[in-house]
Amino acid sequence: MIQMSMSHLKIDLLLYLLTNNYMWTRHLTIIWKNWEIKLAQYWQWDWYPSGQWLALLNILKLIDIKNLSDITDELKEVTQDDYDAINKKIDEDKSFDWHKDFLEYSRDTGTDIIKLIYDKWVRKVQIDREMLKDNIWIEWEFEIDFDTNKYICCGVDFPLDNLPDEREFLAKFE
């Protein structure tokens, strides 16, 4: 019962902020494949329709979706040992920087994670299980679902094989 009340509170708060032109920053990008989560990464970017929402749409329109789907099969989840090795590298060489040298794990990467995956720059990705829980601090989720062939942007579904143009896309959020 409390969970339902929190969900309603979250929806009411989000609707109020959205209608009053507040900018969103906290969100998750999720990739589904074979009914498994292949990516669940937390970002802090200016997520509003004409910003990163549109950027992600344009990335999806420029790449070969079938190829991205195939590449997704190769993704592995980053482990604690991987993080420990990165932290050791940073401790040993202060010139390394999370946000520059480890883009795939930086909360600042935003939609570029899809390009990094597509270009095979990234093979290990985050699946942020804490943020996947019903988290009141996550304003939006963006999903690429290869099982249903959809790009789901803030609850609005778009077929991956027939993505809208920018005008049509933005009209869904006005």
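N149 is partly exposed, with 29% relative accessible area. Here buried means under 20% relative accessible area, exposed means over 50%, and partly exposed lies in between (1.4 Å probe, protein chains only). N149 sits in the loop between β5 (140-145) and β6 (150-153). Its phi is positive, about 60°, although N149 is not a glycine. Most residues other than glycine have a negative phi.

The model is predicted: local features need pLDDT of at least 70, side-chain atom pairs count only at pLDDT 80 or more, and totals for chains, interfaces and linings use all residues. Residues are numbered from 1 along each chain as its sequence is written, and side-chain values use heavy atoms, with hydrogens and water left out.

K120 also has a positive phi of about 60° and is not a glycine. This residue lies in the loop between α6 and β4 (124-125). K120 is partly exposed, at 47% relative accessibility.

The protein contains 8 helices and 7 strands. These elements are DSSP runs, numbered from the N terminus: helices are H or I with at least four residues, and strands are E with at least two. Of the 174 residues, 41% are buried. The protein exposes about 10300 Å², and carbon and sulfur atoms supply 53% of that area. Accessible areas come from the Shrake-Rupley method with a 1.4 Å probe; for residues, only the protein chains shown count as cover. Among contacts with a separation of 6 or more, 59% join residues 24 or more positions apart. A contact means heavy atoms within 4.5 Å.

D165 gives an example of contacts across the sequence. Leaving aside neighbours within four places in sequence, D165 is in contact with L57 and K61. D165 and K61 are 104 residues apart along the chain, yet their C-alpha atoms are separated by 8.9 Å. D165 is in the loop between β7 (156-159) and α8 (166-171). With 31% relative accessibility, D165 is partly exposed.

The whole structure holds 7 salt bridges. A salt bridge is a side-chain nitrogen of Lys or Arg within 4 Å of a carboxyl oxygen of Asp or Glu. One of them joins K66 and D70, at 2.9 Å from N to O. The two residues are 4 apart in helix α3 (residues 65-72), so about one helical turn separates them. K66 is exposed, at 56% relative accessible area, whereas D70 is partly exposed, at 32%.

A salt bridge also links K115 and D112, at 3.1 Å from N to O. Both residues lie in helix α6 (residues 112-118), 3 residues apart, about one turn of the helix. K115 is partly exposed at 39%, and D112 is partly exposed at 33%. K150 pairs with D157, and their closest N and O atoms are 3.1 Å apart. K150 is partly exposed at 30%, and D157 is partly exposed at 40%.

The second largest pocket has a volume of about 190 Å³. Its lining has 13 residues, and those closest to the centre are V78, Y83, Q126, I127 and D128. The lining divides into 5 nonpolar, 5 polar and 3 charged residues. Ala, Val, Leu, Ile, Met, Phe, Trp, Tyr, Cys and Pro count as nonpolar, Asp, Glu, Lys and Arg as charged, and the others, Gly among them, as polar. On a 1 Å grid over the protein atoms alone, where a 1.4 Å probe fits, a pocket is an open set of points with protein on both sides within 12 Å along at least five of seven lines; lining residues have an atom within 4 Å of a point. Grid points are joined across faces, edges and corners, and the volume is the space filled by probe spheres set on the points.
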